[in-house]
Amino acid sequence: MKNYFLILIIAISFLSCQRENQEFLGGSLNDQFGELVVLEPFKSNTANFNFSIVSPRFFEAQWSKNLNWSLSVRATQTGATKTFTGYSNKLDIDNASWDGSADDFPSFMKDDVCQATLTLSDSDTIIELTTTVNVSEIKNPQEGLKVVADFEDGLPVNSLPFVQPGAELTVTENSAAVGSNYLHLGGYVPYDYLLTSIKIPVQDMDIFSATSPLLLYFNMATIGGTLGEVPANQFIKIIIREDDGSNLSNGEKYSMEINPVNWDTWQLFTLPYSDFVLESAPVNNLREPGKINQIEIMCLSCPAESAPDGPTCPENTDLIVKTDIDFIAFTENESYKP
Amino acid sequence: MRLIAICFFVFTAITTMAQERVKKIEFYGAAKTNILHQGFDVYGDTMNVSKANYGHSLIDLGILVRPSANTEIATEFRLRNELGGFWGGAVTYGIRKLTLKGVVNDAIRYKIGDIDLEMTPYTLYNNNYQDVVNEATVFQMAREVIDYENYFSGNAWRQQGVQSSYGFYLNNETFKSIDVNLFSTRNRTADPSSASPERLFSGGQIGLNTSYGLITFHSANLFDLKNTVNDMNLYYNSVNTISANISLADLPKFSLNYEGGTSKANYENLIEEETVTIQDYFWNLGLIYSPTNKLRLSVNGINTGPQFRSPAAQNVRLGYSSSSNVFPTIGNNLAVRNMGLMDYLYNDVFYYKTFDSQLDLYNPAFSNALPYGLATPNRKGFSVSLDELAIKEQLNLSSEIHMMSEIIGTGTTQLKSFMKFVAKANYDYKKWSANAGLAYESTSRDGQAYEKIELSSMLFDFGIDFDLTDQLSILFGTKYHMADGNELLAVYDSYNNPLYFDPISYNYQKQMLNSIGLMVNFSERSKLTASLSSFSQKAEQEYTFNQLQLLYRLNF
């Protein structure tokens with residue numbers, strides 16, 4: 001009798017334990033070894049993407065196994081691009097929704113015709129699928145955006161340009177980061193670091209008076225020149241002035257350098273205001289976004305022949321400086337999305 | 001007065017004689033000389049050397065010191081001399097063993113230093129060799145050398161630490177006595193450069209002897225000691241089981257054996273402040289039928305969870321990914337030579353002397369059904385065993401068959417099925433003795449083409465010994481191994497979960513090792529074996545190996 005009782009205890013002890021319910025252990029063999037086959041064709045949910053209204057805008061496709069995929073959307077006219085990547089066996093609204101933004105400048109424009117390319121690759125096979133989608137309306141300006149200068153109507157009103165002999169500062173049309181125009185800064189000044197600069201007044205910044213400098217972002221599109229044609233050490237200095245002094249000229253100044261500017265496609269430069277460094281004598285030693293009243297952009301490069309202070313760079317002889325800018329703006333809480 | 005003096009002298013004499021019987025210092029040891037000459041033959045190979053000649057002599061000198069009647073200190077020193085040639089002449093020396101053992105109050109036994117530990121196949125167990133079924137005597141000579149060099153004693157692990165055991169009677173008709181055995185050992189030293197903390201292995205057994213049988217609680221815990229390095233990761237694994245061997249009063253020829261328990265593994269990441277916990281359980285229930293002392297049959301059902309983790313039991317003796325320095329490459333493209341039966345027995349391949357938290361790499365061609373022994377995770381099924389059948393004191397037979405499957409699929413919902421069959425026979429007749437063993441395994445899985453598995457393997461052992469005289473014997477042995485089919489071998493992550501799978505295939509791969517030898521027994525303690533062996537492998541790489549070995553051993 002006692003033996004049977006013991007047997008019963010043993011039976012209960014091993015039958016009462018429960019295990020987690022898993023489909024299988026480890027990675028899927030289908031993902032590792034299965035054949036890659038497209039099950040649903042690649043397409044957009046609609047032929048025209050209107051980013052100005054709230055509506056679903058996504059790409060769709062399905063294939064036979066989980067793998068790394070990349071989806072690249074490129075505007076045929078402006079060259080704007082947007083890239084999606086992921087690991088799954090399908091594209092849908094969850095992983096391929098597009099809000100109209102670009103990876104970087106240039107931004108998409110109204111009526112852009114875009115070619116979308118989906119690349120699926122596993123260890124043996126690479127499949128590329130394409131479709132076309134039109135941008136019927138671009139995305140609305142993001143919340144908390146304040147544009148300081150986009151140069152679409154030339155230089156901002158009351159701007160103060162400074163141009164050394166040999167330097168250039170011109171509003172230029174064609175291949176801008178946003179819209180049609182951008183500001184070209186550059187030239188050949190072999191006797192001084194500073195080539196040219198522009199002081200742009202900023203108004204109505206009181207909308208950011210309650211914004212922390214950690215959450216106020218300075219944004220600007222920048223582009224250099226082809227390596228070998230421009231000095232390797234050309235750079236931009238940005239000075240932000242506040243209206244917290246006894247007069248307009250002695251307010252605190254915070255600065256940052258973009259050093260060097262050595263890329264030849266438009267790129268977004270973005271930085272929280274809190275990262276700018278105090279350059280002037282302090283007034284209250286506080287970064288106050290609501291009191292920003294001027295932005296100065298300086299184009300600089302090590303001179304080839306002589307310098308009033310600092311070394312010279314003979315290797316820059318005959319190299320023309322190019323540090324163009326476009327779309328200067330402030331945003332709140334996040335960087336600008338081109 | 002005279003009577004008192006006589007008594008005194010008699011007493012003193014007796015005492016002195018008694019002390020002389022228990023020697024305070026004793027010497028013991030073993031000496032060995034092993035000389036090998038090997039020839040390697042690959043068709044068309046002009047790049048690799050084809051002969052190797054090497055050997056060594058060594059002496060292990062043991063000193064047993066008994067400072068008191070209850071205490072004993074054993075230490076072994078080794079002097080080893082390479083005989084020149086392939087590895088060059090050199091002398092090495094070291095300490096092989098240092099153990100202090102004794103008894104306290106005639107009740108508590110203890111050991112400190114080098115200790116051999118073994119519990120159950122699910123808690124603390126050094127699994128058997130996978131290239132052995134029932135090996136011939138001529139191969140056992142070499143096997144004993146491997147056992148000795150790697151401290152393999154049965155299925156025990158040699159560890160360094162402390163062990164204590166004691167027992168006491170309960171004065172009860174049903175519950176007769178309790179035996180307690182506890183241990184704690186150092187599994188790994190701290191390494192600050194890799195932030196690997198000190199790791200200990202502790203546990204024990206508490207056995208309750210009852211009138212129905214023995215019930216035992218086992219515990220095996222492998223854990224990191226905090227603050228021995230700049231801690232980044234801490235590991236802890238605990239296995240607790242209960243086993244029972246119960247005789248059935250109403251059915252005296254039958255008995256039950258059972259073991260069941262749980263495991264829990266914790267991986268603590270102190271940087272990310274997260275802990276991964278993996279836990280599972282197992283059970284093994286068996287019914288034994290033993291009508292006579294010459295026959296014993298058993299039927300067992302097993303269920304070992306896929307997340308069951310027991311580092312001290314889930315192990316493989318041979319490091320299959322290791323290679324030998326003897327003819328390491330093959331062919332004119334100098335490819336790494338695949339090791340085989342000859343290397344596992346005679347050459348310098350790696351055998352694990354201890355265990356760690358990671359599942360060892362195994363070779364599915366040698367063991368795929370239960371590569372980590374009974375503790376292999378993700379197995380359920382049953383086995384039928386003829387544990388022992390003795391016929392006329394001359395023939396001993398044993399056999400077992402396992403029919404199992406996975407509990408949960410690996411990489412797919414399809415389950416693998418396993419069949420393992422083992423048969424052994426030993427026969428003695430006058431001056432002849434023969435032994436044979438066969439192990440056959442098959443693995444299968446259905447499904448899509450990329451997940452289908454069909455793998456079969458066979459290992460055959462055969463040996464014959466003939467005693468020419470009391471001192472002289474002729475030995476013959478053969479080993480044959482075959483594997484055919486495919487498998488998808490899991491590559492494990494740091495949590496011992498399958499991460500991805502490496503396809504592996506065997507195209508009717510064969511290897512055969514034959515050996516003929518002469519053994520001279522100079523005495524009970526010294527013997528010389530000369531053997532001539534031939535090995536051939538037909539697989540992705542085809543080659544043959546010939547070997548002449550002289551092995552002399554002396555125990556004193």
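Q: How far apart are the mean positions of the positive and negative charges in chain A?
A: They are 8 Å apart. Chain A carries 19 positive and 45 negative charges. Bear in mind that this is a predicted model.

Q: Switching to folds. How many helices and strands in chain A?
A: Two helices and 19 strands.

Q: What is the radius of gyration of chain A, against a compact globule of 338 residues?
A: Chain A has 28 Å. A compact globule of 338 residues would be near 20 Å.

Q: What does the C-alpha trace of chain A span?
A: About 105 × 50 × 45 Å along the principal axes.

Q: What share of chain A is buried?
A: Buried residues make up 46% of its 338 residues. The accessible surface of chain A is about 16,500 Å². Carbon and sulfur atoms account for 51% of that surface.

Q: Now chain B. Which elements does it have?
A: Three helices and 24 strands. Its radius of gyration is 26 Å, close to the 24 Å that the globule rule gives for 556 residues, so chain B is as compact as a globular protein of that length.

Q: What box do its C-alpha atoms fill?
A: Roughly 100 × 60 × 55 Å, along the principal axes of chain B.

Q: Burial and surface for chain B, what are the figures?
A: Of its 556 residues, 48% count as buried. The accessible surface of chain B comes to about 27,000 Å², with 58% belonging to carbon and sulfur atoms. As for contacts in chain B with a separation of 6 or more, 62% are between residues 24 or more positions apart.

Q: On to the interface. How much area is buried between chain B and chain A?
A: About 2,500 Å². Carbon and sulfur atoms give 65% of it.

Q: Which three residues of chain B supply more of its buried area than any other three?
A: B:Y281, B:I408 and B:Y450. Together they supply 24% of the area that chain B buries against chain A.

Q: How many residues take part from each chain?
A: 34 from chain B and 23 from chain A.

Q: Let's pick a residue. Where is B:S456?
A: In strand β20 of chain B, residues 453-467.

Q: Is B:S456 buried or exposed, and why?
A: Buried, because its relative accessible area is 17%, and the cut-off for buried is under 20%.

Q: What does B:S456 contact beyond four places in sequence?
A: B:Y440, B:E441 and B:S442, plus B:M482, B:A483 and B:D484.

Q: One from chain A, then. Where does A:V37 lie?
A: In the loop between α2 (29-33) and β1 (38-44) of chain A.

Q: How accessible is A:V37?
A: A:V37 counts as partly exposed, because its relative accessibility is 34%, and that class runs between 20% and 50%.

Note on methods
Residues numbered from 1 in each chain as written. Chains lettered and ligands numbered in written order. Predicted model: local features only at pLDDT ≥ 70, side-chain atom pairs only at ≥ 80, totals over all residues. Heavy atoms only, no water. Helix = DSSP H or I, 4+ residues; strand = E, 2+ residues; numbered from the N terminus. Buried < 20%, exposed > 50% of the residue type's maximum accessible area, 1.4 Å probe, protein only. Contact = heavy atoms within 4.5 Å. Rg over C-alpha atoms; globule rule 2.2 N^0.38 Å. Areas by Shrake-Rupley, 256 points an atom, 1.4 Å probe, with all protein chains shown as cover. Lys, Arg positive; Asp, Glu negative; His and termini not counted. Charge placed at Lys NZ, Arg CZ, Asp CG, Glu CD. Buried area = accessible area lost by both parts, 1.4 Å probe.
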